[in-house]
Amino acid sequence: MQANTWNLQIAVKRLKTMTAKAEMEFAVEVEVLGRVRHKNLLGLRGFYAGGDERLIVYDYMPNHSLLSHLHGQFATDCLLDWPKRISIAIGAAEGLAYLHHEANPHIIHRDIKASNVLLDTEFQAKVADFGFAKLIPEGVSHLTTRVKGTLGYLAPEYAMWGKVSGSCDVYSYGILLLEIVSAKKPIEKLPGGVKRDIIQWVTPYVQKGNFNHIVDERLKGHFDLEQLISVIMVAMRCIDSSPEKRPSMLEVVEWLKGGIGKRKKDIPPSLSYKTDDEKYEGNFDDFKTMQSRLKIPSHHDKLKIR
Ligand SMILES: Nc1ncnc2c1ncn2[C@@H]1O[C@H](COP(=O)(O)OP(=O)(O)OP(=O)(O)O)[C@@H](O)[C@H]1O
Ligand SMILES: [Mg+2]
């Protein structure tokens with residue numbers, strides 16, 4: 001629902017049915033949103049819990065969700081040009097980095113996906129929907145829980161064993177990055193009913209260095225190839241099947257801003273890709289050639305994506 005009073009636009013979420021599960025998600029969402037404040041997280045305006053009524057009031061996001069622009073009602077208009085996509089990618093990463101590293105206690109979102117990234121008037125990203133979030137007590141690295149979230153975005157260790165850590169969000173964010181640049185869905189149904197995930201789709205192009213084939217055709221070639229390569233390289237790091245090899249969201253923000261943003265930045269060698277060779281040897285035969293061609297850092301280099 002959208003309300004407009006004295007020029008203030010708000011969005012209201014109302015629980016349709018009062019199940020224990022829905023009530024729990026309501027409580028988690030209010031608890032988490034009440035604790036956080038960041039330019040890339042959806043703002044909470046208030047809530048109501050009385051009788052059988054549960055309402056949450058948010059800032060209204062006039063440009064709806066990333067999903068509606070990539071695959072939904074605004075997809076044909078192609079309002080998301082390349083600079084907007086880059087700024088949304090960086091903004092969503094900053095929102096997540098805040099949750100993982102600055103919020104106290106740290107927060108894991110557990111449902112990062114295109115429909116949960118909303119866009120304000122300036123197309124600034126606002127991470128939303130905290131009903132599945134987990135507050136992580138000090139000193140705890142991971143928890144084991146019932147699996148929630150959305151197919152196509154779930155990290156393998158979480159989908160299989162319910163092992164949840166910040167790295168699960170990093171994995172989902174990696175899938176989201178690929179989706180932002182390619183406008184492919186995380187899981188696509190091919191003719192004949194066969195399902196293909198975005199990693200299966202993107203891997204051959206990355207192996208061959210065919211980056212032009214990855215980018216959304218609707219951009220009609222209006223994108224920066226070096227930036228595209230940087231984003232894809234960051235995404236490939238995020239979707240590593242081993243959680244411990246994935247970067248932190250702080251590293252992701254630094255890499256994206258360092259390689260892409262105005263503020264060029266060297267990342268210290270301590271954050272270098274020390275597990276990269278191991279990781280890609282198995283999966284991508286010619287990664288090393290590509291790595292040197294694309295100037296993706298190895299152990300010996302300083303990380304400077306661009
Ligand atoms: N603050 C907001 N401003 C504008 N639109 C919003 C806002 N919050 C949610 N929406 C939109 O309302 C719709 C419903 O959101 P909701 O979070 O309930 O479902 P969803 O994100 O589509 O799916 P899921 O339940 O899996 O998260 C979505 O299209 C979402 O983009
Ligand atoms: Mg949602």
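How are H3 and H5 oriented to each other, roughly parallel or roughly antiparallel? I opened my notebook with that one.

**Entry 1: ground rules.** I am reading a predicted model, where local features need pLDDT of at least 70, side-chain atom pairs count only at pLDDT 80 or more, and totals for chains, interfaces and linings use all residues. Residues are numbered from 1 along each chain as its sequence is written, while chains are lettered from A and ligands numbered from 1 in the order in which they are written.

**Entry 2: the whole chain.** I found ten helices and twelve strands in the protein chain; helices (H or I, at least four residues) and strands (E, at least two) are DSSP runs, numbered from the N terminus. Of the 306 residues, 40% are buried. A residue is buried if 20 or more other C-beta atoms lie within 10 Å of its own, exposed if 12 or fewer, and partly exposed in between, with C-beta atoms placed from the backbone.

**Entry 3: back to my question.** I looked up H3 (residues 82-102) and H5 (residues 166-182), which pack at an angle of about 175° with axes 11 Å apart. Axes are lines fitted to C-alpha atoms, for helices over the stretch in contact, and angles run from 0 to 180 degrees between N-to-C directions. H3 and H5 are therefore roughly antiparallel to each other; the label covers angles over 145 degrees, with under 35 roughly parallel, 65 to 115 roughly perpendicular and the rest oblique.

The residues in contact (C-beta atoms, placed from the backbone, within 7 Å) include Ile88, Ala92 and Leu96 of H3 and Tyr173, Leu177 and Ile180 of H5.

**Entry 4: H5 by itself.** How many of the residues of H5 are buried? I got 17 of 17, so I call H5 mostly covered. From first C-alpha to last, H5 reaches 25 Å, close to the expected 24 Å; the expected span is 1.5 Å times one less than the number of residues. Just after H5, I noted Ala183 with a positive phi of about 60°.

**Entry 5: loops worth a look.** Which peptide bond did I mark as cis? The one from Asn104 to Pro105, with omega near 0°; Pro105 sits in the loop between H3 and strand E5 (106-108).

His64, not a glycine, has a positive phi of about 55°, and lies in the loop between strand E4 (53-59) and helix H2 (66-70). His64 counts as partly exposed because it has 15 C-beta neighbours inside 10 Å.

Arg110 also has a positive phi, near 75°, in the loop between E5 and strand E6 (117-119). With 24 C-beta neighbours inside 10 Å, Arg110 counts as buried.

Definitions and conventions:
Two residues are in contact if their C-beta atoms, placed from the backbone, lie within 7 Å.
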